[in-house]
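Visitor: Hello! I would like a close look at one part of this model, with the pairing of its strands spelled out.

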Amino acid sequence: MRNRNEPGYEVIVIGGGVAGIYQIKRLADLGVRAMLLEAAPDLGGTWYWNRYPGARFDSESYTYGYSFSKELLNEWHWKERFSGQPENLRYLNYVAEKFDLRKYMQFNAKVEAAHYDESHNLWRLKIADGREVTCRFVIMALGLLSIPTLPRFEGMNSFKGRSFHTFYWPQESVELAGKKVAVIGTGATGIQVIGEIADKVSELTVFQRRPNWSAPLNNGPISQAEMADIRTRYDEIFATCARTPGGFEHEPDRRGFYEVSREERLKLWDQLYDQPGFAIWLRNFREIFTNEEANAEFSEYIAGRIRRRVKDPVVAEKLIPRDHGFGVQRVPMETHYFEVYNRPNVHLVDISETPIVRVTETGLRTTERDYGFDIIVYATGFDAITGGFDRIDIRGVDGETLRDKWKDGPSTFLGMLVHGFPNLLMPAGPQSGSASTNYPRGIETGVNWCADLLKHMSEHGYMRAEATREAEERWTAHVTQMYSTMLMRKAKSWFTGYNSNVAGHEYGRIRYFVYNGGVPKYVARITEVTQKGYEGILLTAAAPASSGAQERGCSEP
Ligand code: NA7
């Protein structure tokens with residue numbers, strides 16, 4: 001029998017999405033005794049869950065896939081420029097099968113608690129089925145948008161039809177034909193689902209509290225010949241992603257907004273509007289992100305586009321955001337979204353004017369009237385970034401809970417470590433380089449860095465890694481300071497920690513969730529930390545039972 005005070009695994013990875021899958025691959029390659037625990041019945045994370053019609057990448061597919069294996073890159077054919085959920089889940093399964101990773105994964109294994117046992121320098125994890133597993137290192141690959149949140153309307157359980165959050169869209173196909181459907185929420189998800197189902201349902205009623213700025217995705221198929229060409233350019237594509245602030249193929253227009261004439265600006269915007277993906281956001285002038293006037297001028301350009309696409313001028317005006325400018329939050333990408341409102345079976349209800357007062361047995365009641373529905377879809381967003389952490393009882397040194405430590409917002413070192421929580425690593429944590437960028441590119445960076453840290457520790461006999469308080473404070477101050485120049489700081493969005501359905505996440509209590517310095521700066525900083533012998537991280541030898549931490553080395557004075 002195993003000694004209760006020896007870790008059962010060297011590393012446990014929590015979460016089997018894009019980050020967890022690659023993390024376990026790296027650990028397997030290193031020969032580390034590791035296991036991955038996933039709450040869902042199978043792997044895939046975001047792409048396991050979000051099965052709503054229209055769920056797809058906003059990254060170009062070939063920049064979203066993993067870059068670590070040439071063989072994988074040569075084998076996989078992305079069939080659409082912005083691939084949809086079913087294909088994305090097939091891809092992740094393909095990766096897991098190809099590299100024989102399933103043997104390291106346990107499903108239906110919801111971790112409820114993770115407590116650091118200081119005297120034995122190990123983590124004790126409690127799984128919902130009652131098991132306890134232990135490990136030296138715990139790697140949190142919990143996902144940034146993995147905790148869906150519902151409104152708190154009265155009567156939600158009384159509805160006799162079907163209702164679900166988009167995250168939990170049923171696995172079996174949902175009959176939409178002939179149905180009266182309500183969608184609540186017009187964020188990126190609502191915009192995708194509305195565009196996709198409008199012509200499949202009998203009546204679609206959209207309940208919009210605030211409109212979002214949105215622009216055409218301009219998706220399209222990728223032919224065999226195009227894919228063959230992409231394969232020859234993968235090195236170049238990933239090099240571009242590594243060079244750009246967002247980690248995408250899109251490079252900002254480095255001419256100054258006011259250095260070019262208005263005609264030049266309009267010419268650029270006309271071109272960008274027809275280009276795929278985030279070009280409209282990220283190939284734009286950099287002032288869009290920082291300068292109110294520049295942003296307002298561009299927002300007005302997009303408003304003009306909306307007015308041209310929506311026939312009813314009253315509806316068009318309702319679809320134009322007034323409380324924020326274009327691109328101060330991750331831009332929802334749409335496919336025929338605005339044209340949907342020209343259909344006779346689609347109705348827009350502005351719930352900022354006539355709020356929903358309750359859910360009834362047959363539908364929804366606003367301050368104005370009752371609506372009858374067969375299906376209510378909640379596209380109401382997520383307890384973003386820290387939600388996954390808050391749902392686990394994580395306790396570090398002296399029983400301090402992470403939930404308490406982060407109650408007013410996260411503080412981390414590099415978005416990957418937390419002072420007081422030794423040997424807890426987050427390859428794509430809050431304040432890391434992932435959230436505001438092309439997510440898998442950030443994930444690979446974080447996963448590799450965490451794997452390299454473990455390798456370094458193993459090679460040098462270190463058993464315990466903990467960010468110093470000073471390093472964490474400096475990083476968090478740096479992340480906070482970077483918000484000050486960005487219009488994003490004003491956004492009522494998950495980038496600033498706003499969620500009207502989660503107590504304490506009201507607008508105005510800003511949470512510094514994302515690193516805004518861009519990919520190259522982030523990578524340069526974490527590389528510098530490594531090169532300086534993991535500066536800011538206290539690396540020590542094992543802390544054997546009750547003998548206290550026996551410091552063998554410390555990489556920072
Ligand atoms: P978002 O962007 O947080 O959008 C949620 C939407 O739901 C937004 O329009 C909200 O309106 C609306 N909402 C939330 N709660 C309510 C209540 N109680 N009543 C009415 N309307 C509500 O989440 P998404 O899932 O769309 O997108 C998340 C990310 O996923 C996205 O950025 C992509 O990167 C992928 P509000 O704005 O709060 O007035």
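In what order do the five strands of the open sheet lie, and is their pairing parallel or antiparallel?

Guide: Happy to take you through it, and please keep in mind that this is a predicted model. The open sheet has five strands in the order S7-S16-S8-S9-S12, and their pairing is parallel. At the edges sit strand S7, residues 162-165, and strand S12, residues 346-350; each of these two pairs on one side only. Going from one strand to the next, the twist averages 15 degrees.

Let us look inside the sheet, at strand S8 (residues 180-184) and strand S9 (residues 203-208). Five bridges hold this pair in the parallel sense. If you want a residue to start from, pick Val-183, whose bridge partner in S9 is Val-206. Helix H6, made of residues 188-197, packs on the sheet and touches both S8 and S9. The direction of H6 makes about 160 degrees with that of S8.

For Thr-189, an N or O atom of the side chain is 2.5 Å from an oxygen atom of the ligand. The side chain of Arg-209 has an N or O atom 2.9 Å from a ligand oxygen. Arg-330 takes part too, with a polar side-chain atom 3.4 Å from an oxygen atom of the ligand. Taken alone, the ligand exposes 790 Å², and the protein buries 85% of that.

Strand S13 (residues 356-359) pairs with strand S14 (residues 363-366) in the antiparallel sense, over three bridges. The two form a hairpin with three residues between them, and Val-359 stands opposite Leu-364 in S14. Strand S14 is then joined by three bridges to strand S15 (residues 370-372), again running antiparallel. Here too there is a hairpin, which connects S14 to S15 through three residues. Leu-364 makes a handy landmark: besides facing Val-359, Leu-364 stands opposite Tyr-371 in S15.

Definitions and conventions. Residues are numbered from 1 along each chain as its sequence is written. This is a predicted model: local features need pLDDT of at least 70, side-chain atom pairs count only at pLDDT 80 or more; totals for chains, interfaces and linings use all residues. Side-chain values use heavy atoms; hydrogens and water are left out. A polar contact is a pair of N or O atoms within 3.5 Å; within protein, one must be able to donate a hydrogen and the other to accept it, and residues adjacent in sequence count only if both atoms are side-chain atoms. Accessible areas come from the Shrake-Rupley method with a 1.4 Å probe; for residues, only the protein chains shown count as cover. Two strands pair if DSSP finds at least two bridges between them. Helices (H or I, at least four residues) and strands (E, at least two) are DSSP runs, numbered from the N terminus. Axes are lines fitted to C-alpha atoms, for helices over the stretch in contact, and angles run from 0 to 180 degrees between N-to-C directions. Contact means heavy atoms within 4.5 Å.
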